[in-house]
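Good morning, and thank you for joining this meeting.

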Amino acid sequence: MEVRLVPWSGAALGLLRRINTADMRRHVGGAESEEQMLARHRRYLAMPATARGAMFVVLLGDEMVGSIGYHRRDWQGKQIYETGWNVLPPWQGRGVASAAGTALISMLREAARHRDAPDSLHAPDSHAPDSPDAPDRLHAFPSVENTASNAVCRRLGFTLVGPCDFEYPPGSGSLMRSNDWRITLTGP
């Protein structure tokens, strides 16, 4: 399956509305209010300027079928990249999430290999994947009950570190029981 990842844009608001349903967000606390969803859209649009991550629309042909992204965060005293994805129901179970994950991991690994190259993924910044102090691991934290996303992590070659309590959404004080999966971005 060939998917393309394109940077998040204003046109992706319609995709975000389709993702923001009780069923699609059942493992992460349910649908957000209109205000929360619009704030999320603004954060996604602003991510590249921070050089701390990026959000992408997953295209199959010319159709928006999902989203995937990564961002820098602190986890257990270390800087890591975290990833997450959504695939709209008509395309679930068809390999879209795995194809998008493969594309994202390839992009981040390429940036990690060329950390000295200016502007390989973001504007030069100490937080960009191509900077010398960028994290060398990508983590995913699907709910322990999200069988599909845990299977995607396994297919992508992530290693299961184990279950953990994970604050989501960040800053909320709400903990969800997640599996901590990780994959190394540097090395052979």
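This is a predicted model: local features need pLDDT of at least 70, side-chain atom pairs count only at pLDDT 80 or more; totals for chains, interfaces and linings use all residues.

Let me begin with the charged pairs. How many salt bridges does a search of the whole structure find? The search finds eight. One of them joins Arg 17 to Glu 34, with 2.8 Å between the closest N and O atoms. Arg 17 belongs to helix α1, residues 13-19, and Glu 34 to helix α2, residues 34-50, so this pair ties together parts that lie 17 residues apart in sequence. Both partners are partly exposed: Arg 17 has a relative accessible area of 38%, and Glu 34 has a relative accessibility of 41%.

A further salt bridge brings together the side chains of Asp 23 and Arg 26, at 2.9 Å from N to O. Here Asp 23 is partly exposed, at 46% relative accessibility, while Arg 26 counts as exposed, at 52%.

Next, consider Arg 73 and Glu 82, which form a salt bridge whose closest N and O atoms are 3.1 Å apart. Are these two residues buried or exposed? Arg 73 is buried, with a relative accessible area of 18%, and Glu 82 is buried as well, at 10%. There is also a network: Arg 25, Glu 32 and Arg 40 are joined into one by salt bridges that share partners.

I now turn to helix α3, which covers residues 96-113. This helix has 18 residues and spans 26 Å from its first C-alpha to its last, close to the 26 Å expected at 1.5 Å a residue. Its buried residues include Val 96, Leu 104, Ile 105, Leu 108, Ala 111 and Ala 112.

Which residues line it? Among them are Trp 75, Gln 76, Lys 78, Ile 80, Pro 135, His 139, Val 161 and Arg 182. Three strands, β4 (78-87), β5 (137-140) and β7 (175-184), each supply at least two residues of this lining. Strand β4 gives the most, with three residues.

Gln 76 sits in the loop between β3 (63-75) and β4, and it is exposed, at 64% relative accessibility. Its phi is near 50 degrees, a positive value in a residue other than glycine.

Ala 51 also has a positive phi, of about 60 degrees, although it is not a glycine. This residue lies in the loop between α2 and β2 (53-60). In its case the relative accessibility is 3%, and Ala 51 counts as buried.

Finally, I would draw your attention to Asn 146, in the loop between β5 and α4 (147-155). Asn 146 is buried, at 14% relative accessibility. Its side chain reaches the backbone nitrogen of Ser 149 at 3.0 Å. How far apart in space are Asn 146 and Val 28, C-alpha to C-alpha? They are 9.8 Å apart, although 118 residues separate them in sequence.

How values were computed:
Residues are numbered from 1 along each chain as its sequence is written. Side-chain values use heavy atoms; hydrogens and water are left out. A salt bridge is a side-chain nitrogen of Lys or Arg within 4 Å of a carboxyl oxygen of Asp or Glu. Helices (H or I, at least four residues) and strands (E, at least two) are DSSP runs, numbered from the N terminus. Buried means under 20% relative accessible area, exposed over 50%, partly exposed in between (1.4 Å probe, protein chains only). The expected span of a helix is 1.5 Å times one less than its number of residues. On a 1 Å grid over the protein atoms alone, a cavity is a set of points where a 1.4 Å probe fits but cannot get out, and a pocket is an open set with protein on both sides within 12 Å along at least five of seven lines; lining residues have an atom within 4 Å of a point. A polar contact is a pair of N or O atoms within 3.5 Å; within protein, one must be able to donate a hydrogen and the other to accept it, and residues adjacent in sequence count only if both atoms are side-chain atoms.
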